[in-house]
Amino acid sequence: MQSTLIRFTSSSFVDSYLQGNLYLSSMSSFWDYTLGKIRTNKPVTGKEIYEATSGIHNERQDFSEGVIAQIPRDKLPDLDKELQNCIIHDIRFRLNAYKYCNLMCFFRIDAEDTVKGRLDEDNLSLLLKDKGHNIPAKKIRALNNSAELWKLVDCVIEKNPLLSTNMTHMVQLPSANMDKFGDVVIVIKDEDEFIRRVISAIRNRGEHCIIGDVRYHNLVDRVDPNTMNMHSITMISSNAPSVHNGGFQLPDRGTFDLSLLDGTDGIIWRGCLDKYSIYASQREWRICWLPNDRNYEAKILSVGSLDDIIDIVNTKDIRQYLLKKYRGYVPGIIDSVRSKINGTESYRDFQEYIKRIDGTGDLIFEIGG
């Protein structure tokens with residue numbers, strides 16, 4: 001499988017990328033469940049209305065970032081009995097110290113040569129529209145692998161005589177809803193060199209990082225799998241996060257200590273490269289950087305000029321760019337999983353280091369019935 005990293009952003013940030021000044025958000029910013037929500041205690045701006053209705057923050061915010069352990073719900077006897085009777089699904093422990101980490105996220109474009117493949121009708125419809133053919137994805141699906149369907153495919157891809165005719169060649173293009181994240185796309189042309197420069201810069205600062213593909217996992221209930229079909233509400237134990245002057249403020253420490261889990265059976269350990277499968281369509285690759293300066297602020301990481309290993313592409317042109325890069329490849333759905341991890345230390349050692357900073361955290365659980 002071949003891969004290319006891309007990131008949608010604003011054209012106003014292009015010079016920063018070319019200079020190698022990378023902006024990494026605090027992980028704590030992804031825990032802000034108020035972001036993009038309309039508040040009634042102050043006048044509402046047009047921007048706030050757009051953000052609330054576009055769903056842009058729903059795809060970014062994830063209060064499960066930093067979950068370090070997943071525990072069967074019947075394995076935490078210290079919980080209040082009445083509360084425990086209402087909980088469904090596995091309980092998660094979110095480690096407070098992950099708030100000190102900073103993240104930079106990319107979308108991974110995968111291309112694969114396989115015996116079979118699934119066509120991406122949505123992107124094919126978009127590409128055909130650029131060619132003047134207004135054919136909705138639903139109509140393309142109805143063509144059901146016919147000769148007419150492949151005539152449409154031939155309209156949007158260039159033939160590549162170097163590709164095997166015995167294989168299906170597919171590339172996973174970004175979905176249309178990603179276009180709203182910026183008017184330009186940063187394309188990493190040399191992933192290995194990009195990783196080398198990032199790790200080198202962080203090591204020179206005497207700091208820590210983990211870099212690689214996010215692994216996606218299903219939320220489960222190991223006590224009664226039937227609860228996965230129930231309606232539920234998610235709750236987070238917390239020492240009263242608050243909103244002051246329009247800003248979301250997290251408590252300094254978590255409600256519980258990791259020692260709560262001592263001797264507990266059935267723990268599944270997670271880390272900063274683990275997310276739940278509701279976000280699997282993001283096909284995310286990320287930098288997780290732990291600076292020595294321990295606060296909840298976004299930070300700039302300077303890695304040196306990147307103008308030799310990145311391309312800047314207008315968002316409207318990104319699909320044509322990728323089809324040219326992967327000449328002869330058809331827009332498709334890639335199911336194969338890549339799991340490539342680099343860093344200043346191993347993934348496990350990074351997790352253990354984070355635990356030693358602050359062993360407190362919060363429980364995330366669902367109430368349902």
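Helix 4 passes helix 6 in a left-handed crossing; left-handed means that the near helix is turned anticlockwise from the far one by less than a right angle. This is a predicted model, in which local features need pLDDT of at least 70, side-chain atom pairs count only at pLDDT 80 or more, and totals for chains, interfaces and linings use all residues. Residues are numbered from 1 along each chain as its sequence is written, and side-chain values use heavy atoms, with hydrogens and water left out.

Two packed helices are described by the angle between their axes and the distance between the axes. Helix 4 covers residues 121-130, and helix 6 covers residues 147-156. Helices here are DSSP runs (H or I, at least four residues), numbered from the N terminus. The two pack at about 60 degrees, with axes 9 Å apart. That angle makes helix 4 oblique to helix 6. Axes are lines fitted to C-alpha atoms over the stretch in contact, and angles run from 0 to 180 degrees between N-to-C directions. Under 35 degrees is roughly parallel, over 145 roughly antiparallel, 65 to 115 roughly perpendicular, and the rest oblique.

Now the side of helix 4 that meets helix 6. L124, L127 and L128 in helix 4 meet L149, L152, V153, C155 and V156 in helix 6. The contact (heavy atoms within 4.5 Å) has eight nonpolar residues, no polar and no charged.

Helix 4 also has helix 8, residues 318-325, as a partner. Their axes come within 11 Å and cross at roughly 105 degrees. Helix 4 and helix 8 are therefore roughly perpendicular to each other. N123, L126 and L127 in helix 4 meet R319, Q320 and L323 in helix 8. This contact has three nonpolar, two polar and one charged residues.

A search of the whole structure finds one cavity of 30 Å³ or more. A cavity is a set of points on a 1 Å grid where a 1.4 Å probe fits but cannot get out, and lining residues have an atom within 4 Å of a point. The largest cavity holds about 60 Å³ of space. Its lining includes D62, E65, H217 and R270. Strand 16 (residues 274-276) gives the largest share, three residues. By class, the lining has two nonpolar, two polar and five charged residues.

Terms used. Ala, Val, Leu, Ile, Met, Phe, Trp, Tyr, Cys and Pro count as nonpolar, Asp, Glu, Lys and Arg as charged, and the others, Gly among them, as polar. On a 1 Å grid over the protein atoms alone, a cavity is a set of points where a 1.4 Å probe fits but cannot get out, and a pocket is an open set with protein on both sides within 12 Å along at least five of seven lines; lining residues have an atom within 4 Å of a point. Grid points are joined across faces, edges and corners, and a volume is the space filled by probe spheres set on the points.
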